[in-house]
Amino acid sequence: MYGFRKWTLAICSCFLLGSSLVGQENGTIQIHIDADAPTTAFPHFWEKTFGSGRAILSLRESYRKDIETVKSVTGFESVRFHGILTDEVGLYDPDRVIKNPGLAAEAVNDSSPYNFMYIDQIYDGLLSKGIKPFVELSFMPRKLAADPNALHPFFYHPIVSPPKDYKLWDEMIQAFAAHLVARYGINEVSTWKFEVWNEPNLDFWGGAPKQSTYWDLYDHTARAIKSVSLRLQVGGPATAQAAWVPDFLAHVYENHIPVDFVSTHVYGNDSAPNVLGTSEDVPRDQMVYRAVKKVHDQIASSPLPHLPLIFSEYGASYSNEPNVTDSPYMGPWLANTIRQCDGLVENLAYWTFSDVFEEQGVARSSYYGGFGVIAPNNIPKASLNALAILHKLGDRRMAVDSDSVLATKLSDGNLAVALWNYVPPGGSGPNYTQQSTLPGAPRTFIVQLEHFSAMPTATVYRVDSTHGNSLALFDQMGRPENLSPEQISRLQKAGSLSPAEPASIQDGRITTTVPPYGLVVLLIRHR
């Protein structure tokens with residue numbers, strides 16, 4: 001998330017692999033897919049990690065219900081959130097003294113400054129759902145802050161100050177990591193990622209100057225983590241706008257500071273001057289790729305060229321744009337971003353899995369352009385359904401020379417092909433998701449199969465303005481601010497993934513039409 005910039009806005013080329021694109025005319029795209037063609041590894045890097053609202057929200061039933069929903073349709077492995085060190089979680093209080101009333105008044109039962117009660121509940125809850133923590137180490141406990149009044153403007157006002165005493169900070173980080181290892185075992189915790197802070201180049205970090213004081217924080221934190229076990233994974237700089245990576249890598253290399261991965265963030269509506277240092281106008285569907293490619297190349301040319309790259313936060317918009325994040329626009333945007341970023345990044349962590357989220361305060365509507373793929377009241381958005389059908393893609397990518405196609409092979413030899421009709425978000429007002437107002441025109445795809453089964457079968461999964469799009473019904477309801485139980489139930493049903501449809505195959509050819517904002521996944525099976 002992007003600090004005060006996002007707060008104020010909310011309130012007020014592809015990686016080509018090879019099959020062939022035969023031709024495109026009159027809105028028709030013809031594609032050949034050779035089932036015997038070479039393939040490349042296609043790990044599902046876009047569904048490993050999701051972001052979420054701050055740590056304490058994970059204790060809510062609605063949060064855990066949304067985790068179950070996303071886990072059921074994706075390869076969701078871990079969750080990243082802010083605030084595991086904040087006072088509302090209760091880890092640090094040096095004045096904490098618990099006395100046993102059965103003992104003499106002067107007998108102290110527990111004088112440790114650390115309290116892991118909520119931390120254990122948070123992480124136990126995640127692990128019980130099959131989800132690992134992606135541990136963002138933030139923000140500053142009040143009694144450890146050099147400036148307790150250095151507050152971020154988010155609803156919960158985290159403290160963004162550096163520590164007043166790095167010895168105390170080191171001891172807290174060591175105690176935190178040691179507790180996790182003791183509770184969950186080093187074999188488990190060594191599979192987690194420990195990321196130092198969040199977006200220190202923005203207003204989430206109060207050190208001055210920002211970069212050099214963040215280096216101090218990173219150095220102390222990384223060494224404290226590694227003092228518990230060298231097997232624990234730590235990284236950074238967790239910057240916004242793909243910033244600081246060359247400087248960070250030079251710093252850790254020259255000073256022999258532990259680092260296991262590089263992390264940074266970007267959003268589709270970030271600007272080229274901020275991300276790329278250029279004055280060009282980069283379209284929303286290109287920005288994430290451009291940022292990922294930039295950082296990938298920076299790592300490759302650094303003294304530490306083999307470090308994994310994790311974009312631990314990304315999305316189509318850092319501001320609240322209902323016609324983007326609440327709409328079926330997200331299907332083509334996600335598919336195209338995945339297509340472009342394949343091979344360049346190990347983990348692309350979508351922000352966020354749920355609108356159980358309070359950075360700008362308690363939501364006043366179920367559709368306000370929230371970051372989540374699930375709206376309040378466990379109502380699926382089109383983005384959730386897009387992720388559900390993209391999950392059906394195989395783990396081997398086949399060559400297709402098109403900016404609107406991903407062709408993959410499954411382990412059983414069957415094929416999964418994603419097709420989409422990307423157009424920039426457009427329209428305004430309460431009816432912008434209706435088909436009649438969408439920009440662009442339908443596109444027809446003709447997929448010609450070669451060297452596949454003589455009599456294949458195919459099914460079609462769709463997400464578009466009329467399939468798996470709960471926002472359309474919300475528009476029809478007149479966008480009520482407060483939903484009745486009956487309306488919630490109807491929206492949940494409207495947001496369900498539409499059933500698969502059979503696809504006709506004639507002479508090894510499949511023809512399907514995809515509307516603007518539409519995403520299709522074809523599953524093609526041997527009979």
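How many of the nine residues of H12 are buried?

## Overall content

This is a predicted model. The chain has 527 residues, and 59% of them count as buried. Its secondary structure amounts to 14 helices and 24 strands.

About 19700 Å² of the chain is accessible surface, and carbon and sulfur atoms account for 51% of that area.

## The seven-stranded sheet

An open sheet is built from seven strands, ordered E3-E16-E17-E18-E24-E20-E21, with antiparallel pairing. Strand E3 (39-41) and strand E21 (501-503) are at the edges; each has a single partner strand, so one side of each lacks a neighbour in the sheet. From one strand to the next, the twist averages 30°.

Strands of a sheet pair through backbone hydrogen bonds, in either a parallel or an antiparallel manner. Ala41 has Arg396 of E16 as its bridge partner.

## Helix H12

On the opening question, nine of the nine residues of H12 are buried, and the helix is mostly covered. The buried residues of H12 are Ala382, Ser383, Leu384, Asn385, Ala386, Leu387, Ala388, Ile389 and Leu390. Each of these counts as buried because its relative accessible area is under 20%.

Methods
Residues are numbered from 1 along each chain as its sequence is written. This is a predicted model: local features need pLDDT of at least 70, side-chain atom pairs count only at pLDDT 80 or more; totals for chains, interfaces and linings use all residues. Side-chain values use heavy atoms; hydrogens and water are left out. Two strands pair if DSSP finds at least two bridges between them. Helices (H or I, at least four residues) and strands (E, at least two) are DSSP runs, numbered from the N terminus. Axes are lines fitted to C-alpha atoms, for helices over the stretch in contact, and angles run from 0 to 180 degrees between N-to-C directions. Buried means under 20% relative accessible area, exposed over 50%, partly exposed in between (1.4 Å probe, protein chains only). Accessible areas come from the Shrake-Rupley method with a 1.4 Å probe; for residues, only the protein chains shown count as cover.
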